[in-house]
Amino acid sequence: MRAYYHDESNEHPTARHDSTGEYLDLNALKEVGVLAFVNQSLENVDAIALERGYVARDEIRVSKEGLGDGYEAKIKAFYEEHLHEDEEIRYIREGSGYFDVRSKDDSRWIRIHVEKNDLIIVPAGIYHRFTLDSKNAVRAVRLFKEAPKWIALPREPGLETNPYRQQYVSSISA
Ligand SMILES: CSCCC(=O)C(=O)O
Ligand SMILES: [Fe+2]
C-alpha cells in the first residue's frame, strides 16, 4: 500500500500520479478518517471484522471480465467523487487499484494504492473515488455492517396481497 498526494496532472486516471514525491504514512490517512491495514491475512481481516461489527461480505471483481457489459458504467461510477452513508470496507484479494480520498482541508486528493491483502476502510461521509491501475483488474471482498437488503422475505401466511409491492416496486402499475 502506498499513499501520496495526487499530482493533479492531466494524465489518465489510472496513471500513478505520484510525481509530488510526498508520501503519507498510515497516521496521515487516519487523520482524514481512512483506516488502512497493510498485507493482512484473511484471519486478521476476520478478527478486524468481528471487532468492528462487519457481519456480512460479498466479493466484487472490477475488470472487463468480472463486470462484462457493466464495466464501463461501473468504472465511471466508481471514479465519480462520491460518499456512502456506511463505511466502505474493501479487502483486496487479487490485483490492485487506487482509492482517492479528499485531504482534510478538502483542497486536494490523496491517492492510496492498494494491493493484494491490503484492507482499506473509508468511513461514511468521506468523499472518495476509485479507479483501477495499469493492471486493469482487482478482486475485492466487500464487508458490511449489516446484511445486504436482498434477504428473501417469504410470504407471510394468510397474506392475500403483497404489502411490499407499493413500497418497493413503484414502476409496476398498482
Ligand atoms: C474495489 S471496490 C471499488 C470501489 C467501491 O466499491 C465503491 O466506491 O463503492
Ligand atoms: Fe465508494
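Trainee: So which residues is H84 in contact with, leaving aside neighbours within four places in sequence?
Mentor: H84 is in contact with A124, G125 and H128, where contact means heavy atoms within 4.5 Å.
Mentor: Keep in mind that this is a predicted model, where local features need pLDDT of at least 70, side-chain atom pairs count only at pLDDT 80 or more, and totals for chains, interfaces and linings use all residues. Residues are numbered from 1 along each chain as its sequence is written, chains are lettered from A and ligands numbered from 1 in the order in which they are written, and side-chain values use heavy atoms, with hydrogens and water left out.

Trainee: Okay, and where does H84 lie?
Mentor: In the loop between α4 (71–79) and β5 (88–95); helices (H or I, at least four residues) and strands (E, at least two) are DSSP runs, numbered from the N terminus.

Trainee: Which side chain does H84 have a polar contact with?
Mentor: The side chain of E88, at 2.6 Å. A polar contact is a pair of N or O atoms within 3.5 Å; within protein, one must be able to donate a hydrogen and the other to accept it, and residues adjacent in sequence count only if both atoms are side-chain atoms.

Trainee: Switching to E88, is that residue buried or exposed?
Mentor: E88 is buried, at 6% relative accessible area, while H84 is partly exposed at 29%. Buried means under 20%, exposed over 50%, and partly exposed in between (1.4 Å probe, protein chains only).

Trainee: And what does E88 touch, beyond four places away in sequence?
Mentor: H82, F99, I120, I121, V122 and H128.
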